[in-house]
Structures are given as structure tokens and as C-alpha cells.
Amino acid sequence: MSEFKGNVFIDPKQLTSYGDAANDGAVQLSFTLPIPYGALAKEAAKVFVRNLGFDTLDIVSMEDMQEGYTFFVVYAHTQKTIDVSKIKVMDVSFRVMSREETDDFIQKKIGRPLVVVGATIESDAHTVGLDAILNMKGYHGDYGLERYKMFTVHNMGSQVLCEEVVRKVKETKADALLISQIVTQKNLHIQNLTKLMDLLEIEGVRKGLLTIVGGPRISYELAVELGYDVGFGSGTVPSQVASYIATTLSERAELT
Amino acid sequence: MARLSITLSRDDVSEAKKTAKAIVDDVFHFITKHTTDTIERTVLRYFGVDGVDAGEAPLPNVVVDHLKKKGVLDTGSAYWISNACVATGKDPQTVAEAVGANALDLTAIPSQPLETVYRFAQEKAVEALDRVESVRKTRDELLVQLRDNPKPYKYVIVATGNIYEDVSQAKAASEQGADVIAVIRSTAQSLLDYVPYGPTTEGFGGTYATQENFRIMRQALDEIAAEQKRYIRLTNYASGLCMPEIAMMASWEGLDFLLNDSMYGILFRDINMKRTFVDQYFSRLIVALSGITINTGEDNYLTTSDAIEKAYAVTASQLINEAFAKKAGMKEAYMGLGHAFEIDPAIENGFLYELAHALLARELFPNATLKYMPPTKFMTGNVFKGYAMNTLFNLASVFTGQDIQLLGMLTEAIHTPYLQDRYLAILNANYIFNNARLLGYELEVKKGGFIERRAQEVLSQALTLLKHTQKVGLMNAIQEAQFADISRSQDGGKGLSGVHRKSEGYYNPVLSELERRLGIEVAL
């Protein structure tokens, strides 16, 4: 992927960030140090940023946030580079179809409506993401799964116990399970998602069930690491999820 | 000097208010005949019952559960605890502790002369509510003595889970210029059918609301207020399954704002509607006597639905919240009716819609203390764009004369705010509010222009919804998913088992004393 920007060669084996010139390694930082505003704070910020791996730096703003906290905005330059050719990414690839296409696709390939159960589990009370994907209305002009002819949707809402989810999956003979989780600093989302996956395994419903996690800071890697089939992050629209469910389940159906 | 205003159909305004009142009056046929577990626990708390038993269960819960098990809660907890006090000569706390230690059966104590029991209970109620009024007086005096802040009040949230760390963050925010500190609750506390006890240092996404935590934060804010010579308001949540108990704690510990909505718990937390309606009335009586300002949760209608399409749901809910608050003797100035800046930023002239909606609220509730909520739904990880959106939000607020501004955080949708996020939010609000302070007094809205027509349109839509709601009744309307597209059944949701029809001998001196002091005529 080596390329020229203007007449400057960008070396993928020695890539660095771009401020206003190629290979300048410019980075913008902002952070708080828990020490009182003053000369010492300023020096401490410089040492801190140098320790992060930056050599030249400019503290462009230092502000007193009271109670012994100081806020900094810093522009710094790094010499560090990375070799992009050695980086591997995990990602799902599937074609995003329109609602009509997905409905047709399911009709042709599977021949019956797919049952989708959705929930926000345990302590998590946020339903915005789940509703954006499932509700008729959808998100950003992209209709939710409820609007599709070939999905039967059971939206269980928020703070649903894992046990309830498993019961619902069994009861409705669900094809796909959609779990929405907010990432918390205390890593509650990991506990919740792990618990659910364990229960699905124990109850013997994991096999054949397409398990999907969504949330603003959910990544594909995280989802797979926790045993789920896929993870969708922020900006995901319903048609992506719908297409993913349709294609993956039809592939699985062909295999068996 | 006149603030920015728009012209609305007067007939529609008076019709909307009349309809909302009729809707609420109808629900009161149910409310006045029922009590709940948390109302009975509130009475015990006002009588001085506090603390936990050996198994960490709050004593008010222990006593109420005991009375439920004996099948006598429909007479009211006040009677049973007072009867025991009169018989034993002990105070309510000692009696409750004995119940907690399984050493006392309240229903096995011989009935004392009713007059003596009632006199004891009435004295306890009077004492408790005198304390409520004295706390109110302290606040009123401080507001005169110290400087109150110009509106919109800058409202920020702390949520570390540790009350002592919250204090440190709240102090920093107050010194930076915040006027209101809200301690956000631990996730799902609204679904707990008890209030945790004592100071707490661990929570999930927030800090438990406990009476001790209220006291700790109040004390810290009072210290800052004294230093800064301006009053700092404290906010918590009287919502969920313990609305009146939290209101009670707030009334004794000097809280200023409480999030309290007549329908939020039903729709967005799946709490049973009967439970919510009964609880909200009692909690609002307490709030009314305390001089606490409620903050209602209409912003939630816009996070689940489209902000333009469903703007009328906000207006209809505001009208219902206002009508419920009036029934509880609340004055308009203490009604923090809510709305939000949640229109998709990609929409052309979205800002005009926002102004229209904000002005509609202002015009419809000229004396209310309006609570304006920041963009959340369309906030992304791009903190720079988010900061720009919050700037527009602040401009809309100062321009249209809003009262409480929950400051938007540039890291909304990413994580709970960093210290610096809050600092930057206050910086933004200080800049915009100061820079555009009199903008709304200098400019006028074009007569018959887009903004005025849009506001009228939303009002008309709200009126249609209210008319229908009046026809079928509020409980049925909720069942029909008329609000927020969410359907809740009358006997579904959490907390129904805690609703009890009052028996003929039901006695609640706290309720009657609250109603008496607030001058509420109760038609039975």
C-alpha cells in the first residue's frame, strides 16, 4: 500500500502520524494531572509526555481546574513508527443489502422468517442501541428489523436477566440473538456477556444460534474473544445487521 | 424587559391544560384508594425508623414485610408501630429493631386506645414535617444570604460510585462555576425495592442514593457555597420503586432537585403503572412541602423516538406532569419540566426546530423552571463535533430562556465524563451564556414564520394525543403504546405486589398532615 502524498513517499514499513507534513509524527493530546496548577505542574506534564514516547512537545494550554487538578492540551511529535504490512485485522465481510433484498434473500435461501431475540442484559439499562436496530423506526433513515417481512423480532428491552434471555431463545426457537451492551469502566459488560454465553452453552442452545453483540465500544475482536459470532460498534445501521444475519444463516443452512 | 416569545392559539393552550387536568383527575380515583410498600416505609422513616438488621435489610423494609406477612399493611404502618410504642413505652426505632431481631410481633400486641395511638402518631408526623419545613427554611435563607446564580443554571453530573470521590469532583466542578451537582445513581437502583443504608464507596456507573450519601454531599456543597458566596444545588433521583422514600431522605437532608416523573418509570423502567401513580403522588406531596424542584424526564421520549416526529410526546408528557404536580400542591416554579436537544444534526434547519420546541415549552409553562437536556443520541466518538453540538445547545438555551441546563459532555456516548470533560463543558456554557446573555431580549421571532408555525403544530399534535388519552383513560392509553411507542399493561411490570387497597381503617398521619399543610382538599 505504499503511496505518494503529493510528492512525498509514505513508507508503510515506517508509518507515523501526519500533522501538517509527511512523517512529522504529530499527535494532539489532552489530559489532566492531579497536581495543582503552577510551574511544577507544567514541568510534570512535560516529563509525563516525554515518558509516553514523544520527544518534542508544546504545552499549548495549561488550565487550573481547581481542587488540585490541572488540565493540559499538548502537541507532541514522536519518532516512533510502525510497520503496517505486519498488521492483521479481524473483520467480517458480507454484502450489505437493502431491506427488500434481504427479505427476498431470506425467502429464497431459507424460505421462512428468521426469529430474532434482542435484549440489553443484567444491570445495563440502555435501550437506545437495541431499539435503533430492532424498532420499526430504525436509525438514520434505515428501518429496524421489525419492519422486515422476514424477521420475527422479540425485543425484550433492558435489564433482562441472562436466564430470561435463554428461556426466550428456547421458547421462540430463535435463529439469532442480539445483545446490546454498554462498555463500562468496571468491565461489567464482560461479566454480563460471559455469563450469558456460559448459560447458552450449559442449556445447550449455543449451537446453531447466531450470537451478536452490539454497543458503542463493542468490537469484532471483543465479541469473538467472548465467544460470540460477531460484534457491531457505533454507527452500525439495521440493514447491516439484517444482511449479516441473512447471509450467515443461509451459509450455515447450505453447509448442513 | 421582555424575553423572546411566540404566539400560540390560546384556545389550544387552555384546552390542553384542561384536558391534562381531566386525565390526571381520573387517575386519582385509583390513587386515593391505595397505598404501597414504599409509602408505608416512608411513614416509618419519618417516625425515625432507620438502619439495618443483622442481615443488612433496612429496618423500614423489615417492619413493612412483617406487616404484609401478617396481612395487616392495609391499615397502614403508622397504626401498628404507634400501637406498639404506646403499649411498650418505647420509641419507633427500638420497636423496629425488636421486629428485626424477630423478638416482636406487632400484631400480637394488645390494641391500645385508638385515641392515644393516633395522638402518638400525629405527634410523630408533626415533628417529622416540622423538620422538613425547617430544612426548607434553611435553604430559603441561604438563597437570600448567598447569591443565587443567573439562569440557565449549569447542571453537571458526578458518578464515580464512591461518595467521597464524588465530593472531590463536585467541589472542583462548583469552583469552576457549576450551579447544580447531580450525583447519578448506581445502575438499576431504580429497580431496588429498598434504599441502601450508610455511606457507599462502590457502585456501577454511579453512586447509590442513601441518606448518608445525601448528607455527605450536602455538607460539602454548603462549605463551597459559603466560600464562594453562591448557593450550590444538589440533585438526586426520586424515581423507581422507592420514589417517596428518596423524597423523604431528600426532604431531611436538604436536597434541591429531584428527578421525579409521573410516567418515566412505567415506560422506560417497566415499573408497574399503578405503583408509579400512587408513589409519585406521595413523593410529590413531600417535594411540595420541601420546596424541592422536580426534574421530569421527557428527554427520554426523544432518545427512543425521532425528536421531530415525536416532539408532541414531550409536550403531552409535560402537561401531564404539570397536572400531577398541581394535584400534589406544587407551585409552578418548582416544576422542572424536561425536554431535550436531540434532533439529528444532519437535518437542514434542525436548529430552527430546536428553537421552536424550546420556545413552545417556555411559552406553555412561563413560570416553570424548565430543564433542558443535551444531545446524546447523535453524539459520536468525534468529541470535536460533539463540542460544537453542545455549543449550539447552550445557545438555544440562553436564547429561549431555559432555566436548568444539563451540560452536554463532549465524551457523551464514550464513557462517564472525565474531570476535564466537565471542565470543558462549564467553559463552553460560561462563554455562551455570558456572550449571548440578552440575545433573546433583543431579537424577536418572526410572526407566522417557521418557528411559530412549528410550535403551534406540535401543540396541536399534543392536544390530539391528550384528547385521546382523556377518552380512553391514562392507563389504557399507556397500554395502547400512545407514549414512547412502548406498551405497558396495568398489571404488568415491577412492583405491583407492593400496591395495596387501603382498608376502611387505613391511617396515615403523614399523608393527612402533608395534605393539610399544603392546603389540598381530598375528595374521597
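**Salt bridges, ring pairs and the A–B contact**

Over all chains, the structure holds 48 salt bridges (a side-chain nitrogen of Lys or Arg within 4 Å of a carboxyl oxygen of Asp or Glu). This is a predicted model: local features need pLDDT of at least 70, side-chain atom pairs count only at pLDDT 80 or more, and totals for chains, interfaces and linings use all residues. Residues are numbered from 1 along each chain as its sequence is written, chains are lettered from A and ligands numbered from 1 in the order in which they are written, and side-chain values use heavy atoms, without hydrogens and water.

User: Which residue forms a salt bridge with B:Lys68?

Analyst: The closest N and O atoms of the pair are 2.6 Å apart. B:Lys68 sits in helix H3 (residues 59-69) of chain B, and its partner in helix H2 (residues 37-46) of chain B, 31 residues apart; helices are DSSP runs of H or I, at least four residues, and strands are runs of E, at least two, numbered from the N terminus. The partner is B:Asp37.

User: Why is the pair of B:Phe277 and B:Phe324 stacked?

Analyst: Rings of Phe, Tyr and Trp (its six-membered ring) pair if their centres lie within 6.5 Å; planes under 30 degrees apart count as stacked, over 60 as edge-to-face and the rest as tilted. Here the centres are 5.5 Å apart. Both residues, B:Phe277 and B:Phe324, are buried. The pair is stacked because the planes stand at 20 degrees.

User: Which residues do ring pairs link into a cluster with B:Phe277?

Analyst: B:Phe277 lies in helix H11 (residues 273-290) of chain B, and B:Phe324 in helix H13 (residues 311-327) of chain B, so their pair ties together parts 47 residues apart in sequence. The cluster joins B:Phe277 to B:Phe28, B:Tyr281 and B:Phe324.

User: How many salt bridges does the rule find across the interface of chain A and chain B?

Analyst: The contact (heavy atoms within 4.5 Å) takes 27 residues from chain A and 30 residues from chain B. Across the interface, 4 residue pairs are in polar contact, both at pLDDT 80 or more; that term means N or O atoms within 3.5 Å, within protein one able to donate a hydrogen and the other to accept it, with residues adjacent in sequence counted only if both atoms are side-chain atoms. The salt bridges found there number 0.

Methods: Buried < 20%, exposed > 50% of the residue type's maximum accessible area, 1.4 Å probe, protein only.
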